[in-house]
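Subject: The structure we talked about

Hi there,

Here is the structure I promised to pass on to you. Have a look at it first, and then read my notes below.

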Amino acid sequence: MIQALAITELALRRGGRHLFDGLNLTLAAGEVCAVTGPNGAGKTSLLRAVAGLLAPEAGTIGFGAADPAAARASGLHFLGHQDGLKPARTAAEELTFWTRWDGASPGALETAVADLELSRLLALEVRRLSAGQRRRLSLARLAAAPRALWLLDEPLSPLDARWRARFGEMMARHLAGGGLILAAVHDPLPIPARELEIPA
Amino acid sequence: MSRALVLLRREAALAWGRGGGPLIAVGFYAGVATLMPLAIGPEPERLAAIALGAAWVALALASLLCLDRLFERDYEDGALEGLVLSETPLELVCAIKCLGQWLATGAPLAVAAPVAAIALGADPALAPLIFLCALVGGLAFAFTGGIGAALSLGARRGGLLTAVIVLPLFVPPVIFGGGALDAFAGGLPWQSGLALLGAYAAAAVALGPVAMAGACRNALT
Amino acid sequence: MIPAPAFLSNPERFMSFSRWAAPLFGVIAIGLGLAGLWLGFTAPEDYQQGDTVRIMFIHVPAAWLAMFVYACLAVASFLSLVFRHVLADAAAAAAAPLGAGFTFLALVTGSLWGRPMWGAWWVWDARLTSVLILFLIYLAYIALRGAIDDETKAGRASAILALVGAVNLPVIHYSVEWWNSLHQGASVLREGGPAMPPVFLVPLLLMALAYTSAFGSLWLVRIRGEVWRRRAEAAALRAARA
């Protein structure tokens with residue numbers, strides 16, 4: 001269980017290109033931070049580095065007292081641009097697989113399906129869903145998985161105003177339960193959040 | 001463990017459906033086996049001489065062709081990241097993917113192999129041994145082939161590159177399987193060939209996932 | 001992290017060492033090579049092979065080097081994977097085309113020798129087949145390195161391939177031997193033939209040393225080239241950022 005996130009003097013490089021250095025950030029349970037900055041500043045790379053998918057050039061990323069490898073394996077969820085859903089499989093098959101893979105209980109899955117109003121979409125193949133519907137499927141996976149630290153990359157973009165508000169409620173619930181959220185955004189989050197700007 | 005089973009079921013289902021799955025693999029296999037007599041000539045005695053070898057090589061090629069999308073699709077659509085961020089070690093994930101591949105395409109190919117060999121003129125008494133060799137060889141092909149598929153992630157012309165990487169690694173199983181069949185057909189002891197094939201398959205199952213996991217991590221980070 | 005060997009961990013020291021070592025090895029290679037060739041071509045004809053035996057002085061060291069360079073490639077790949085050191089990666093990148101070159105030379109000279117001796121340009125002899133597969137592995141390594149755009153990723157992926165190949169090479173060699181004995185092929189190269197007389201042995205050893213020095217020299221030159229290229233690219237990136 002991740003209780004805190006501490007990033008100290010982080011420097012990242014991606015594809016031979018230097019992104020930023022000297023980045024510091026601490027996040028405690030119940031806190032949310034919105035990472036902003038122009039395109040190409042390294043917002044996604046920051047999230048990937050926290051998830052362990054990009055090795056830092058310098059600096060450290062810690063998860064409180066937890067061992068980083070164990071914390072990443074069971075404590076965080078990365079919601080990226082790509083959702084990993086297979087177009088030819090039904091929404092139900094994909095959601096069932098991923099929630100079981102994440103270690104979610106069947107009850108949590110049912111609650112998430114109800115919250116995100118997915119029950120009528122479940123029988124459809126993923127390729128027949130709209131971008132917003134697919135994102136709701138990913139959000140159901142996020143909500144059901146028992147993971148403390150949410151890493152969200154542009155989570156709002158395919159959602160309409162109503163679902164943005166609902167997603168805000170979902171985030172607020174997660175924070176109230178002791179969760180942590182680090183989100184890369186262009187539009188402001190629908191809940192009050194600390195901001196961290198990465199300069200170009 | 002239940003998590004591994006859930007993944008195995010998904011992988012087998014995906015491999016089964018991946019672009020036609022076993023149907024395409026067996027179709028390709030049948031196509032190559034059909035080209036052989038067209039290139040070599042229809043005389044039964046000439047065909048019978050190469051029937052076993054031709055069936056065995058065609059099997060290796062068909063296994064190779066199925067590897068193309070083993071990791072590539074998960075890499076492109078983000079599923080690989082989801083599989084990495086889990087308590088299940090990536091080595092096990094890679095092994096399960098290859099196992100699913102083997103169940104969905106290796107096993108159907110093993111059923112097709114004796115048919116192709118007999119159609120080319122092999123002795124029908126060989127059918128059980130051909131099936132067994134194709135089954136064990138398919139395991140070796142899937143696990144060594146997975147290394148090539150994982151290494152060529154993110155490369156230009158990944159499919160062709162996979163073939164160039166994997167074909168030299170297919171040399172021992174092709175030799176051992178072909179040798180066992182050849183020995184059996186010639187009335188010689190064939191067990192050593194099958195045992196060597198099994199040993200290579202076992203080594204590939206044990207060591208291949210380590211290389212695959214390293215290659216996947218490298219491609220993602 | 002375990003500290004890398006001090007020599008490898010310091011590119012500066014490598015550059016100052018290789019500045020004089022590369023030409024020195026080159027001069028040694030030329031000297032030994034000329035001596036070896038002179039002795040080789042003045043040696044008497046072989047009672048069986050005639051003049052053709054002289055191809056051996058070109059061929060056998062090339063085949064040795066083909067394997068020796070792969071060992072170097074595997075060690076460099078291992079060091080670059082474990083220590084993540086750029087110099088080891090540069091060494092692996094520089095070694096592969098040289099190894100492929102030696103392997104190709106071994107195949108071509110073997111084929112030239114085989115034409116008069118075996119009456120065919122190519123015979124599926126166990127040794128020839130093994131060397132051919134080694135050549136294919138070199139090609140796969142070079143192709144993989146060239147097909148991935150990100151240089152760090154290309155380095156690590158090809159290092160994994162080099163190690164997979166190193167594990168497989170003995171198995172491949174054994175399997176080919178097994179295959180050859182199974183088929184009772186015309187095994188022309190007898191095992192444990194007559195001991196080589198010194199008139200042939202001395203030029204052969206001289207040539208082997210010459211090949212090894214030539215490889216050492218070319219390897220160092222190519223690593224230097226890699227280091228310079230990477231430095232130039234880093235400088236260009238810095239200039240673009242400023």
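This is a predicted model: local features need pLDDT of at least 70, side-chain atom pairs count only at pLDDT 80 or more; totals for chains, interfaces and linings use all residues.

Which residues of α6(B) and α10(B) meet? On the α6(B) side they are Leu90(B), Glu91(B), Cys94(B) and Ala95(B). Across from them, α10(B) brings Val205(B), Pro209(B), Val210(B), Met212(B), Ala213(B), Cys216(B) and Arg217(B). Sorted by class, this contact of α6(B) with α10(B) has nine nonpolar residues, two charged ones and no polar ones.

Helix α7 (residues 127–151) and helix α9 (residues 171–185) of chain B pack at an angle of about 175 degrees, and their axes are 10 Å apart. Angles over 145 degrees count as roughly antiparallel, which is why α7(B) is called roughly antiparallel to α9(B). From α7(B), the residues in the contact are Leu129(B), Ile130(B), Cys133(B), Gly137(B), Ala140(B) and Phe141(B). They meet Pro173(B), Gly177(B), Ala180(B), Leu181(B) and Phe184(B) of α9(B). The contact of α7(B) with α9(B) divides into nine nonpolar and two polar residues, with no charged ones.

Now step back and look at chain B as a whole. It has ten helices and zero strands. How does the radius of gyration of chain B agree with that of a compact globule? A compact globule of 221 residues would have a value near 17 Å, and chain B has 18 Å, which agrees. Along its principal axes, the C-alpha trace of chain B spans about 55 × 35 × 30 Å. Buried residues make up 56% of the 221 residues in this chain, chain B. If you take the contacts in chain B between residues at least 6 apart in sequence, 80% of them join residues at least 24 apart.

Next, the places where the chains touch. The contact between chains B and C takes 26 residues from chain B and 24 residues from chain C. On the chain C side, α4 (126–147) and α5 (151–183) each give two or more residues, and the largest share, 15 residues, comes from α5(C). That side of chain C divides into 20 nonpolar, two polar and two charged residues.

Chain B also touches chain A, with 16 residues from chain B and 19 residues from chain A. In chain B, α1 (2–17) and α5 (79–84) each supply at least two residues of this side, and α1(B) gives the most, with six residues. The classes here are six nonpolar, five polar and five charged residues on the chain B side.

Last, one residue in chain A. Gly179(A) sits in the loop between α6 (161–176) and β7 (180–184) of chain A. Is Gly179(A) buried or exposed? Gly179(A) is buried, because 20 other C-beta atoms lie within 10 Å. Leaving out residues up to four places away in sequence, Gly179(A) touches Ala148(A), Trp150(A) and His174(A).

Happy exploring!

How values were computed. Residues are numbered from 1 along each chain as its sequence is written. Chains are lettered from A and ligands numbered from 1 in the order in which they are written. Two residues are in contact if their C-beta atoms, placed from the backbone, lie within 7 Å. Helices (H or I, at least four residues) and strands (E, at least two) are DSSP runs, numbered from the N terminus. Ala, Val, Leu, Ile, Met, Phe, Trp, Tyr, Cys and Pro count as nonpolar, Asp, Glu, Lys and Arg as charged, and the others, Gly among them, as polar. The radius of gyration is taken over C-alpha atoms; the globule rule is 2.2 Å times the number of residues to the power 0.38. A residue is buried if 20 or more other C-beta atoms lie within 10 Å of its own, exposed if 12 or fewer, and partly exposed in between; C-beta atoms are placed from the backbone. Axes are lines fitted to C-alpha atoms, for helices over the stretch in contact, and angles run from 0 to 180 degrees between N-to-C directions. Angles under 35 degrees count as roughly parallel, over 145 as roughly antiparallel, 65 to 115 as roughly perpendicular and the rest as oblique.
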